[in-house]
Amino acid sequence: MVFTDNVFIPFLFITYICFCISCRSLKFQLLTLLVASYIFYGWWDARFLTLIIFSSLLDYNIGKLIFRTNNEKKRKTYLIISLVGNLGILGFFKYSNFFISNFCQLSGILGFSVDIKLLNIILPVGISFYTFQTLSYSIDIYSRKMEPTDSLLKFMVFVAAFPQLVAGPIVRAKHFLSQVNDNLYDKSSSEGLFYIIYGFIKKVFIADYIGYYIVDPVYLNFTSDIGPLELIIVSYFYAFQIFFDFSAYSDIAIGLGKLFGLELPINFKYPYTSKNPSEFWRKWHISLSTWFRDYLYFPLGGNRGTKTLRLRNVIIVMLLVGLWHGANWTFIAWGALHGLYLSIYPIIEKSKIYINIPNFIKIFIFFNLTCLAWIFFRSPDIRFAITYIKSVFRFSTFWGPFSFHVKIVCCMAAVSVIFHYLIEPRIKKLSVSYSKLHWVYCSLIIYSFFILFSYIGEKGIAHQAFIYFQF
């Protein structure tokens, strides 16, 4: 099920009614959330519910085994079982065909004839997200940062809670499980409605419009006739499309969490105000970047050791961040570029020339570097990305004709800038103000939004799937 599906609103309404009916019982509130979450996920393909249930049972029991023994060898063995079990499933479904095809290509280059058929498998939606959630539970118990929960029900809700199940934010077990010890209904907040509406606006009225009218026409119908200026404009707009699309999902997830008495972590903080890559990764997909920082970068040594070791750690982490996003060399190249930025920027920032550059220019420079990396992220393959970048520097046809309407570009540019740079920093204050409105005004705002939502649907603008669903 997708948040923008017509069936989602009735699903949410029925779930919330059941949640309210169970207002005096935490157990029934959790059961409501668990059943709703399994329906939400199973609506896409019920067969893959077995994977979520397997991961839940595996790490629930592994967590107890790790906690109960002081034998370090056994603790490591149990942790390895968790790692192999979870990453094995993720690797099989997400990367099997990638490695098979690359192995066959490499064998051909080396002069060997290898013909291995690709597997006929479907990538389960959200597997990268809930796999990392369950892994954090086992690792934190192994590191003695938390104790295991005695409630299988609570743990299964932690793994499968539908607000953030498919595309995050990635929630840590310690943060989530500490919230489900008290009555959730008492913590339910109408502030969540604001985040839900705000997320839908960003997705449907900004991200989908940018994709439909500006980005997709160029990427799906790319020709050598497209001028460099148009390609630059499209690369800028894709940066905003993916931000509004992904942050919209996170906002809706946070809003749904608040409706059901759960606080989910903030996942974005207006990232295109960043002056350098370190700041960018403190503001972009925060739950993922902190996960890799805590469970991979720090164990590798972090900033400790020689410059060579620090560089190695950064490159390894960013390559894996790229690979996490998908089984394609384009994502690895995207991660490698950000690894390069993180490695070079500390040196650049020490130069006197850079120090004297105004902040807004620093922001503009790094925004362009970010857009360069996004070209690889959006491209179907490396060859396409390289051709795209080469075309940007074809200055002889810089002022080529546009394939989109200039009025739409100007309108969406203004909307993107206003929302990202003016509204996003004030989102918390706006949500609090909304929650203080009289219920009549809140209802009018909700009703007006759904009228607009229906109007857009009638006009034929296809509601696109969230970009991060594929990861």
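This is a predicted model: local features need pLDDT of at least 70, side-chain atom pairs count only at pLDDT 80 or more; totals for chains, interfaces and linings use all residues.
Residues are numbered from 1 along each chain as its sequence is written, and side-chain values use heavy atoms, with hydrogens and water left out.

Thr273 is placed in the loop between helix H9 (228-259) and helix H10 (277-281); helices are DSSP runs of H or I with at least four residues, numbered from the N terminus. Its relative accessibility is 19%, and Thr273 therefore counts as buried, a class defined by under 20% relative accessible area, with exposed meaning over 50% and partly exposed lying in between (1.4 Å probe, protein chains only). A polar atom of the Thr273 side chain also lies 2.8 Å from the backbone oxygen of Tyr270. With residues up to four places away in sequence not counted, Thr273 touches Glu279, Lys283, Ile363, His420 and Tyr421, where contact means heavy atoms within 4.5 Å.

Beyond H10, His285 occupies the loop between H10 and helix H11. Although His285 is not a glycine, its phi is positive, at about 40 degrees. His285 counts as buried because its relative accessibility is 0%. Ser287 belongs to helix H11 and is likewise classed as buried, because its relative accessibility is 5%. The side chain of Ser287 reaches the backbone nitrogen of Ile170 at 3.0 Å, and a polar contact of 2.9 Å links it to the side chain of Asn267. Apart from residues up to four places away in sequence, Ser287 touches Pro169, Ile170 and Asn267.

The largest pocket holds about 870 Å³ of space. Of its 23 lining residues, Ser278, Tyr297, Asn303, Val314 and Leu342 are the closest to its centre. Two or more lining residues are given by each of H10, helix H11 (286-300), helix H12 (307-325) and helix H13 (329-348). The lining comprises 13 nonpolar, five polar and five charged residues. On a 1 Å grid over the protein atoms alone, a pocket is an open set of points where a 1.4 Å probe fits, with protein on both sides within 12 Å along at least five of seven lines, and lining residues have an atom within 4 Å of a point. Grid points are joined across faces, edges and corners, and the volume is the space filled by probe spheres set on the points. Ala, Val, Leu, Ile, Met, Phe, Trp, Tyr, Cys and Pro count as nonpolar, Asp, Glu, Lys and Arg as charged, and the others, Gly among them, as polar.

Helix H3 (residues 49-68) has 20 residues, and its first and last C-alpha atoms are 29 Å apart, close to the 28 Å expected; the expected span is 1.5 Å times one less than the number of residues. Its buried residues include Leu49, Ile52, Asp59, Lys64 and Ile66. The buried residues of H3 pack against helix H2 (26-45), helix H4 (72-109), H5 and helix H6 (152-160). For helix H5 (residues 127-142), the end C-alpha atoms are 23 Å apart, which agrees with the 22 Å that its 16 residues should span at 1.5 Å a residue. H5 is mostly covered, with 16 of its 16 residues buried.

Phi of Arg144 is near 60 degrees, a positive value in a residue other than glycine. Most residues other than glycine have a negative phi. Arg144 is exposed because its relative accessible area is 53%.

The C-alpha atoms of Ser235 and Tyr219, 16 residues apart along the chain, are separated by 10.0 Å. Leaving aside residues up to four places away in sequence, Ser235 touches Cys371, Ile375 and Tyr388.

Definitions and conventions. A polar contact is a pair of N or O atoms within 3.5 Å; within protein, one must be able to donate a hydrogen and the other to accept it, and residues adjacent in sequence count only if both atoms are side-chain atoms.
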